[in-house]
Amino acid sequence: MNTELMDAVLGNLKLDYFELLSPEPIYIPHIGSILSPTLKDIASISMNTYRYYLAVLLAEPKDYSMLIGQNIEKEALPDKEILHIFDVICGNEEAAIPLLAALNFFMKEEVSYSAQHKCLLVQEEEKIIGIITKELYSQVCNLIFQRNCIRTTIEEDPSKVKSKKALEIIEKLKIGRAKKSKKNQSDKNMELGNIISAVASKSPSLNILNIWDLTVYQLWDCFTRLNNNNVYDIQSMSVAAWGNKDNHFDAAGWFKRIYEEQ
């Protein structure tokens with residue numbers, strides 16, 4: 001496999017709306033199959049574990065070392081100016097365990113780390129069907145984030161940046177994104193458990209018993225659609241009762257596209 005070619009292809013790969021809604025695994029040639037876990041899958045491992053797995057995949061190398069309880073500094077790898085997750089787990093089976101656990105939850109096939117080849121091996125029935133290299137890792141994570149309805153973008157890999165000034169800019173951008181992300185996550189109304197309860201109560205067909213079969217992406221999509229349609233219903237009743245100043249009402253508003261490409 002041409003790693004540079006795969007890196008370029010995956011770097012531009014945005015799953016379309018149908019693929020994101022689909023409950024089926026998305027197969028990426030030479031890589032493996034990316035899952036969108038169901039609420040039942042998440043419940044089986046606990047919400048805290050699900051959050052931890054996402055945190056592992058979102059983590060920068062220094063944050064990853066904190067997550068696994070190991071203090072791994074650049075000095076430990078004198079030949080590396082910039083640490084990468086693969087540098088942290090290289091030759092350290094214990095450090096690789098959380099990352100492998102996360103990937104094995106979000107991928108259909110079995111993922112293992114090869115210290116010899118310094119890559120992740122993707123196996124199905126003990127046959128290697130794909131590999132994840134250092135160069136492809138962030139793109140694979142991005143596909144997982146898409147399937148889990150996590151808005152993110154592929155950032156420039158610091159290990160590829162030579163300019164110190166460019167590195168400083170990248171670090172400032174990361175700090176800004178982290179602060180914004182933390183602020184957005186502070187709204188308890190948007191916690192997954194509350195969204196499950198709200199959708200199960202509001203939906204005409206879903207309830208607290210059958211909602212667990214939805215994928216996490218389907219749940220967020222249903223929530224957004226219900227919220228939009230609720231606004232539409234209020235507007236339509238208002239227009240029906242009191243009319244509209246500019247004599248215009250978008251009757252097709254209930255099925256307007258809600259998906260926006262990342």
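User: What makes the 57 residues a nonpolar core, and which of them touch the most other members?

Analyst: A nonpolar core is a set of buried Ala, Val, Leu, Ile, Met, Phe, Trp, Tyr and Cys residues joined through side-chain atoms within 4.5 Å. The largest such core here has 57 residues, and Leu 57, Tyr 64, Leu 99 and Leu 219 touch the most other members. Helix H7 (residues 93-106) gives the most to this core, namely 8 residues. The model is predicted: local features need pLDDT of at least 70, side-chain atom pairs count only at pLDDT 80 or more, and totals for chains, interfaces and linings use all residues. Residues are numbered from 1 along each chain as its sequence is written, and side-chain values use heavy atoms, with hydrogens and water left out.

User: Which residues is Leu 99 in contact with, leaving aside neighbours within four places in sequence?

Analyst: Contact means heavy atoms within 4.5 Å. By that rule Leu 99 is in contact with Val 56, Leu 57, Tyr 64, Ile 85, Ile 89 and Tyr 137.

User: Why are H4 and H7 called roughly perpendicular?

Analyst: Axes are lines fitted to C-alpha atoms, for helices over the stretch in contact, and angles run from 0 to 180 degrees between N-to-C directions. Helix H4 (residues 47-58) and H7 pack at an angle of about 110°, with their axes 9 Å apart. Angles under 35 degrees count as roughly parallel, over 145 as roughly antiparallel, 65 to 115 as roughly perpendicular and the rest as oblique. The angle of about 110° falls in the 65 to 115 range, so H4 and H7 are roughly perpendicular.

User: Why is Leu 83 called buried, and why is Glu 94 called exposed?

Analyst: Buried means under 20% relative accessible area, exposed over 50%, partly exposed in between (1.4 Å probe, protein chains only). Leu 83 has 13%, so Leu 83 is buried. Leu 83 is found in the loop between helix H5 (61-67) and helix H6 (85-89). Glu 94 has 55%, so Glu 94 is exposed. Glu 94 is in helix H7.

User: How many helices and strands does the chain have?

Analyst: There are 11 helices and 5 strands. Helices (H or I, at least four residues) and strands (E, at least two) are DSSP runs, numbered from the N terminus.
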